Amino acid sequence: MADEQKPDGSAVPPPAGSEAPKPAPPKPAAAAHAAPPKPPATMVTTPWNSDVTQLLTERFGGAVTEFSTYLGQNFLVAKPDAVIPILETLKLELDFDYLVDITAVDYPKRAERFEVVYILYSFARNERIRLKTMIPDGHRPATAVTVHLGANWLEREVFDMFGIEFEGHPDMRRILLPEEWQGFPLRKELSILHQDDVWVQENLGIESGQ
Amino acid sequence: MPDATFLDATELVINMGPQHPSTHGVLRVILKLDGEKVIGTECVIGYLHRGVEKIGENRTYQQFAPYVDRMDYVAAVSNALGYCLAVEKLLNVEAPPRAQAVRVVLTELNRIASHLLWLGTHALDIGAITPVFYCLREREEVLKIFENYCGARLTTHAFRIGGLQYETYDGFEEETKKFCDWFIPKVDEYERLLTHNRIWVGRLKGVGVLNAEECKEYGVTGPVLRAAGVKWDLRKAQPYSGYEQYEFDIPTCENGDTYDRYTVRMEEMRQSTRIIRQAIDRIPSGPIMGKVPKVVKPPVGEAYVSIEAPKGELGYFIVSDNSTQPYRLRVRPPSFVNLQALDRMVRGGLVADVVAIIGTLDIVLGEVDR
C-alpha cells in the first residue's frame, strides 16, 4: 500500500499549542512516528496573503492555523470547531457562496486521522479556495448544511465512504452503498479486494474480490 | 412534508425506477403524491457504484486514466481532459500547444455528442419520438471521428497525461470541418421541430424552475445554472487548455425553467461548433506529448482542477504522496450535485413533470454513482 512508507510528518506542521484539546494519546504517538530519520516529504507551500486571510485572521485568530498556497491554489487550515463560522463568514462577507465539494482524506497514522476538505468558489471574485480541518476518528464535526444546502449529499457521501458523522445533519445515512453495508470503503485499512465480504456473499452470491 | 394533504386523502407513495425508461439509467425516485401533485421525493442512488475513487488509489496514474471514461460515459473525453489536467497540474507540466488544440476539438465534439443524446432522450421522454433518431444520426458522425482518431467510440481514452497518445489521422481537419458545416443546419432542424411546437412549449415552460439563488445554494452548475441567468462558464472564468484564445459566447436565459435549459443547450451546441472551427484552423504543428516521465510520481502535494464538462463543473481533487499511485483521488461529479436539486424542482409539480425535469437535468448515473 502506498501509505505504508508515508512518514507521519504531515503537510501541516502544527504550531505549538495548536493540538486539539482531545485527551492524552495523540502527542506521544505522533512524536514516536516522527522519529525515523527519513527526510519528511512535505508539501512545499508558500504563505498566502490577501484580504481573505486578513479578515479571517482578525475574526478567528488562532483558530486558523495556516494560510498557504500550493501550485497557485490557496487553502487554509482551521480547527474543527471554527469551520462552520468560517464558512459562514466566507459566504456572507467574502462572497464565497458556492460550495463546490466536501471530501475527506484518511491518514491512519496521524493522531487526527481525517482531513476534511471543503472546496469553495466565489462567483463575484472568481476565486477558489480550500478549507481543511483535521479530526480524530469518532469526532463529529458540525454539518455545513446550515450554511450551504448543497452540503447535504456531499456530507452523506463522506459519511458513507469514511464513517465521519456530521453533527446536526438532517439525514445522516449512507447514500451510495446499501444501508446494511458494513465498513467504510475509503478508509485505508480496507483493501480494495476485501470490503464487506459477507454482504457480497449473501447478496451477490460470489466470493469478494472475484 | 405537510401532514394533511390538499384533497384530504391519504398520501400515495409510488416508486419510480430504478428500471424506468425515463430515469436515464438506474435512478430510483420515491415520490410522495397527493393526487397527481408531488409533495415530496427521495432519490435512491448507488446502483452503479463501482468505487472509482478506491480504484484510483490502487492504480498508477496512467492505469487509472481509462477508468474516468466510465463515469460520464456519454462525455468520456471531458472526463479524461479533467483528469489529465489535474495530474499535469500536480506534475507542473503543460501539454504542448498542438495537443491542447486537438484536445479542445475533441472535447467540444464530445460536448455536442453529449447534448445530442440529452436532446434525443429528453424529447423522447416528453413524447416526441422523431428527434431521437435525428440526434443519434448526427451523434454517429461525431463518434466516427472519435473512432477514426483513437479506435474507440464511447469510452475513448483519447488523452494521455502530458498530451496525446496519437497524432491526428489524415483528413481529421477536413472531416471535422465538414461535420461543422453539416451540423449547424441540423440544429436549426431540431429547433424547427421543437422550439415553437405547442406541446413542447406546453410541457416545458414554467416547469421545474430553479432560480439563480437556489442554484448557488445547491452548487448546481452547467447549463442549469446558465438557464437561471448566471453567465458563468469555467471555460471563460478560469480558462484551461487554451480556451482563452477562442471566441465564443456563454448562452444564458432568465427563468431557469425546463424550456430555458433546452434553449441554453441548443445554443451551446452552436457555440461548440464555433470553437471547433477556430481550433481546427489553428492547430499548430509540433510535438503532441509534453515532458512527462515514464513513471508518473508527482511531488507530495494536492491540487483541485476542474473543467466545464457538458453537465457542469467536473473536478478532480488529487492528493499525491510522491508514489506512483494517488494517495487520494476525489471526483467532484456535476451530475451528483445537480441531482440533489431535483427535490426542489419537482415539489409542487405534477408526476408527469418529474420525467421532464429528470430529463432536463441531464444526469448520467455512471457519474452520479461512480
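Tutor: The buried residues of helix α14 of chain B are Asp353(B), Val354(B), Val355(B), Ala356(B), Ile357(B), Ile358(B), Gly359(B), Thr360(B) and Leu361(B). A residue is called buried if 20 or more other C-beta atoms, placed from the backbone, lie within 10 Å of its own; it is exposed if there are 12 or fewer, and partly exposed in between. Helices here are DSSP runs of H or I with at least four residues, strands are runs of E with at least two, and both are numbered from the N terminus.

The model is a predicted one, in which local features need pLDDT of at least 70 and side-chain atom pairs count only at pLDDT 80 or more, while totals for chains, interfaces and linings use all residues. Residues are numbered from 1 along each chain as its sequence is written, and chains are lettered from A and ligands numbered from 1 in the order in which they are written.

Ile112(B) belongs to helix α4 of chain B, and it counts as buried because it has 24 C-beta neighbours inside 10 Å. Apart from neighbours within four places in sequence, Ile112(B) is in contact with Val142(B), Met269(B) and Ser272(B); two residues are in contact if their C-beta atoms, placed from the backbone, lie within 7 Å. Ile112(B) and Glu268(B) are 156 residues apart in sequence, yet their C-alpha atoms are 8.2 Å apart in space.

Helix α4(B), residues 97–126, packs against α3(B) at an angle of about 140°, with the axes 8 Å apart. Such axes are lines fitted to C-alpha atoms, for helices over the stretch in contact, and the angles run from 0 to 180 degrees between N-to-C directions. The two helices are therefore oblique to each other: angles under 35 degrees count as roughly parallel, over 145 as roughly antiparallel, 65 to 115 as roughly perpendicular, and the rest as oblique. Val77(B), Ser78(B) and Leu81(B) of α3(B) make this contact with Arg103(B), Leu106(B), Thr107(B) and Asn110(B) of α4(B). By class, these residues divide into 3 nonpolar, 3 polar and 1 charged. In this scheme Ala, Val, Leu, Ile, Met, Phe, Trp, Tyr, Cys and Pro are nonpolar, Asp, Glu, Lys and Arg are charged, and the others, Gly among them, are polar.

Helix α3(B), residues 76–91, also meets α2(B), residues 61–68; their axes come within 9 Å and cross at roughly 155°. This pair is therefore roughly antiparallel. The crossing of α2(B) past α3(B) is right-handed, a word used when the near helix is turned clockwise from the far one by less than a right angle, left-handed being the anticlockwise case. Tyr61(B), Ala65(B) and Val68(B) of α2(B) make the contact with Asn79(B), Ala80(B), Tyr83(B) and Val87(B) of α3(B). The contact of α2(B) with α3(B) has 6 nonpolar, 1 polar and no charged residues.

Chain A can be described in the same terms. It has 5 helices and 6 strands, which run α-β-α-β-β-α-β-β-β-α-α from the N terminus on. Of its 210 residues, 34% are buried. One buried residue of chain A is Val83(A), with 21 C-beta neighbours inside 10 Å. Val83(A) is found in helix α3 of chain A, residues 83–94. Beyond four places in sequence, the contacts of Val83(A) are Ala78(A), Leu131(A), Thr133(A) and Pro141(A).

Finally, the chains touch: 32 residues of chain A are in contact with 39 residues of chain B. On the chain A side, β4 (98–106), β5 (114–122) and α4 (151–162) each supply at least two residues, and β4(A) gives the most, with 6 residues. By class, that side has 20 nonpolar, 7 polar and 5 charged residues.
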